[in-house]
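Here is a short report on one protein model. Look over the sequence and the structure first, then read on.

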Amino acid sequence: MCSSDKASTIDRQAIFSQARDYLVISFGLTLCTIGWVVFMLPNHITQGGIPGISSVLEWGFGIPVQYTYFIVNFVLLAIALRILGLMFCLKTIYGVFLVTFLVPFFRSLSVGTQMLATQPFLAAVIGGAFMGTGVGLCLSRNGSTGGTDVIAAMINKYRDISLGQIILMVDVGVIASSYFVLKDWEQVIYGYVVLIVATFCVDHVVNLTRRSVQFFIISDKYEEIAEQINNSVNRGCTVINGKGFYSGKELQMLFVLAKQSESGKVFELINTIDPRAFVSQSAVIGVYGQGFDKVKAKRRTVKRKE
């Protein structure tokens, strides 16, 4: 394959990857908006972050939630631009615009209806699940719904702290402040139910999408398998020389690390090239380095003895 063909293939892959990211982000934002507008706003249940602040201001002062959401997020994005980079902020700007559009759209569809009006606890659980799943999908594609997601992403870039834990710490105060408008501690408790459910869903979805696996592959056609994994899956392979204890035969074993979502393609390639290959697959707790997550560690200051 000539260099121009290879460059064209890489360009197509990059375009496809970006389009897939925006599709997943759009779906996640739609879930977030449904949870917020359909289940929480009509039932006066507060959630954390900018949506929570927007809800409180609408209940207290009649300011439509989409206006507060839009303005506050752009102030945060101006701060985050240098830390998170242009690509993250572009996706977040896209997310803010989309949510700003989706909020009045879903409100117009749900005019005159109040989902689970007599079951606020169930509304809190379902709304929290929608919002947490949506936020998790956005973060897994380096996007965001804005607000505390941006703050969480900035901290997570330098510290190995759970995204859900960061959002939880930031949002506790926002939910507590809703008491000054609602004057009902029961509604505040429902807000914390939303927060707990959403936090669990965020971590579960993000960890699921970032889960990695490792392969040990023994095959006489190891070179052909390695070449296909390099080209088709875009993952590196390490050749380990070994020797069968029983047979005494010299052999070569491939060591491969990949995302869990790529494991099906790896198996398909192996089965096509050598159906008799010996393959071991196992899950790994974390993979750090090129093509995977970045290493995040706290910096420690070492004091010198005089």
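Helices H10 and H11 cross in a right-handed manner. The model is a predicted one. H10 covers residues 222–233 and H11 covers residues 263–273. Their packing angle is about 145 degrees, and their axes lie 10 Å apart.

Which residues make the contact between H10 and H11? From H10 come Glu224, Ile225, Gln228, Ile229, Ser232 and Val233. From H11 come Lys265, Val266, Leu269, Ile270 and Ile273. Seven of the contact residues are nonpolar, two are polar and two are charged.

Now the chain as a whole. It has eleven helices and four strands. Its length is 306 residues, and 42% of them count as buried. Among contacts with a separation of 6 or more, 72% join residues 24 or more positions apart.

Next, phi angles. Most residues other than glycine have a negative phi. Histidine 44 has a positive phi, near 55 degrees. Histidine 44 sits in the loop between helix H1 (3–40) and helix H2 (49–61). Asparagine 234 also has a positive phi, of about 60 degrees, and is not a glycine. The loop that holds asparagine 234 runs between H10 and strand E2 (237–243).

The table sets out the accessibility of several residues.

| Residue | Relative accessible area | Class |
|---|---|---|
| Cysteine 201 | 13% | buried |
| Glutamine 66 | 13% | buried |
| Cysteine 237 | 23% | partly exposed |
| Histidine 44 | 37% | partly exposed |
| Asparagine 234 | 60% | exposed |

Why does asparagine 234 count as exposed? Its relative accessible area is 60%, and exposed means over 50%. Histidine 44, at 37%, is partly exposed, because that class lies between under 20% and over 50%.

Cysteine 201 has a relative accessibility of 13%, so it falls under the 20% limit for buried residues. Cysteine 237 has 23% and is partly exposed. The count of disulfides in the model is zero.

One more residue deserves a look: glutamine 66. Its place is in helix H3, residues 65–84. Is glutamine 66 buried or exposed? Glutamine 66 is buried, because its relative accessible area is 13% and the limit is under 20%. Leaving aside residues up to four places away in sequence, glutamine 66 touches Thr100, Val103 and Pro104.

Notes:
Residues numbered from 1 in each chain as written. Predicted model: local features only at pLDDT ≥ 70, side-chain atom pairs only at ≥ 80, totals over all residues. Heavy atoms only, no water. Helix = DSSP H or I, 4+ residues; strand = E, 2+ residues; numbered from the N terminus. Buried < 20%, exposed > 50% of the residue type's maximum accessible area, 1.4 Å probe, protein only. Contact = heavy atoms within 4.5 Å. Axes fitted to C-alpha atoms, helices over the stretch in contact; angles between N-to-C directions. Left-handed = near helix turned anticlockwise from the far one by under 90°. Nonpolar A, V, L, I, M, F, W, Y, C, P; charged D, E, K, R; others polar. Disulfide = S-S within 2.5 Å.
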